[in-house]
Amino acid sequence: MVDTIGPYQIETMLGKGGMSNLYLGTLPNKQDVVIIKVLQDKYIDKPAAIKAFQREATILSLAQHPHIVNFYEEGNWEGKPYIVLEYIEGISLREFLMQDSLDLRRALELVLQIAYAICHLHSQGVIHRDLKPENILLDDNGQAKVIDFGVADFLDSIKGQSDPSTPRLVGTPIYMSPEQREHPEQVAFASDLYSLAIIAYELVVGRPSQGKIQLSILPKGLQTILTKALQSEVKHRYPDLTGFIADLTTYIKSPSIQKERSGVDLALARSTILDGTQEILSPSRLPSWTKTRIAIGQYHPRHLSGIYLDLLPTPNGSYLLVLAKPCRPGREYLTYSCVFRGILRTLTESLNEPTEIAQHLNQLLIKDKSKQYYSATFVSMNPVDSEIKVVNCQSAPLWCFSSSSRAPKELGGNNPLLGSALDTQYQATSQWWNVGDSFILHSARTITSPNARVLRSNMEDIIGNYVHSSPTKQVNALVRKWKTLDKKKLRGKSFACLSVNRVE
């Protein structure tokens, strides 16, 4: 594993793509997260590969735009060139299409964001040549960002260097225009427009097209625009993206868009209700509790995780933190978690001790008709007497850090699942909590995970690097790491964490 690249400290390797390796890194003193793209060893003696890598850096330096990934710098490390780019919290448009949908207006607003980015690229004389959902990210604010300029090139360079007798196919066939597939040397700005029109179609219908476009199912006003953008001959398309942007903007602002509702709007209405339900399962804002700094981090790739995270005051002035999740899978996940939340919040109005709360909660859950089991961790803290108490019900252990140590101490327990046994006597473990100490509550349960050892090692390595950082930086680092693990091993698992630091 690489520890440093140039001045950057490496957190993890994100993967390999084309001729490059991608790493997640930080500047040691700033801890600002960046992506570092490094040319692979096998290409360092190939002039064509080095030239292509340098061309990508040049294009990125010209492509500064709110909806294009930010370029920071380029450098050389151990004889290999590297590029430093913005780290974007979010998911690819491909991932989004596989699990969610948008209403018509919102879908077209995203198309406009991408269109403005590509229009800016064209103004610099550059063609992207591989515009597809995988190369567009949606950040945590729902904004589109165009990425991956590995095959992008200057239009003059393409036309001046291509050999028609041996055309080189560049791009992704499903999103390619006819001329890009058949005559790569004749690629034009309108080729990117064709690819964007397919992406627009997919966003509106709410699913990947798999190369099958049925414009007849679209609203009539939009049909007209995309029909023109998807003409097989370049001369019949929009001459440039400005015309496409103008027509799309006019359509979005027109009264007809309200009448021409796509079927995907109904899916969005359902999704909005479910998303709202998911949102009440975590605090809308953090409490201002004395002598503490608190931060929450969450990652829900499938949106409906059922993870419940809460921070509650108790009658005696203590604070109760809880993280819980239903154990039996099913579409009723959110309903089960809301039942848990309602019962718990009622109990904390009159009960103080976490064992007492767990005891009563368990009895009420057993009586509930859902017959659902829950894993949960309760942490009771009282800054006045410097003690935390933990009741762990088959959940991930609490990580506790002293101000002088990088290694976590784990506080767990052998309490059974909530809702599973009526006569259970729940036990708590205690830990003194001094100024400068911190603890992390998280959902990365490793008891039954087939990748338990790897998972625990990866997460503890990350938090060890951030042990003396602010709670916000700690949870952000954990969420970033979970995202990289999710793509490799965890298959869409949600994650939530909460960091608490004791201060004067």
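In this predicted model, six strands form an open sheet with antiparallel pairing, in the order E1-E2-E3-E4-E6-E5, where strands (E, at least two residues) and helices (H or I, at least four residues) are DSSP runs numbered from the N terminus, and two strands pair if DSSP finds at least two bridges between them. The edges of this sheet are strand E1 (4-5) and strand E5 (71-77), each of which pairs on one side only. Residues are numbered from 1 along each chain as its sequence is written. Local features need pLDDT of at least 70 and side-chain atom pairs count only at pLDDT 80 or more, while totals for chains, interfaces and linings use all residues, and side-chain values use heavy atoms, with hydrogens and water left out.

- E1 and strand E2 (residues 8-17) pair in the antiparallel sense over two bridges, and Ile5 has Tyr8 in E2 as its bridge partner.
- The hairpin of E1 and E2 has two residues between the strands, and Gly6 takes a positive phi near 60° there.
- E2 and E3 run antiparallel and are joined by seven bridges, with Ile10 standing opposite Gly25 in E3.
- The hairpin of E2 and E3 also has two residues between the strands, and in this hairpin Gly18 takes a positive phi near 60°.
- Strand E4 (residues 33-39) pairs with strand E6 (residues 80-86) in the antiparallel sense over five bridges, and Ile83 in E6 is the bridge partner of Lys37.
- Helix H1 (residues 47-62) lies across strand E3 (20-26), E4, E5 and E6, and runs at about 25° to E6; axes are lines fitted to C-alpha atoms, for helices over the stretch in contact, and angles run from 0 to 180 degrees between N-to-C directions.

**The five-stranded sheet**

- An open sheet of five strands, with antiparallel pairing, has the order E12-E21-E20-E17-E18, and its edge strands, E12 (292-299) and E18 (409-411), each pair on one side only.
- The twist of this sheet averages 20° from one strand to the next.
- E12 pairs with strand E21 (residues 495-502) in the antiparallel sense over eight bridges, and Tyr299 stands opposite Phe495 in E21.

**Helix packing**

- The axes of helix H3 (residues 104-123) and helix H6 (residues 189-205) come within 10 Å and cross at roughly 165°, which makes H3 roughly antiparallel to H6 (angles under 35 degrees count as roughly parallel, over 145 as roughly antiparallel, 65 to 115 as roughly perpendicular and the rest as oblique).
- The contact (heavy atoms within 4.5 Å) involves residues including Leu108, Ile114 and His122 of H3 and Phe189, Asp192 and Leu196 of H6.
- The residues of the contact of H3 with H6 comprise 13 nonpolar, one polar and one charged, where Ala, Val, Leu, Ile, Met, Phe, Trp, Tyr, Cys and Pro count as nonpolar, Asp, Glu, Lys and Arg as charged, and the others, Gly among them, as polar.
- The axes of helix H11 (residues 333-347) and helix H12 (residues 354-367) come within 10 Å and cross at roughly 140°, and H11 and H12 are therefore oblique to each other.
- Phe340, Ile343, Leu344 and Leu347 of H11 meet Ile357, His360, Leu361, Leu364 and Leu365 of H12, a contact with eight nonpolar, one polar and no charged residues.

**Confidence**

- The mean pLDDT (the predictor's confidence in each residue, from 0 to 100) of the protein is 86, and 88% of its residues reach 70 or more.
- Confidence is lowest in helix H10 (residues 264-279), at a mean of 59, and highest in strand E10 (residues 144-146), at 97.
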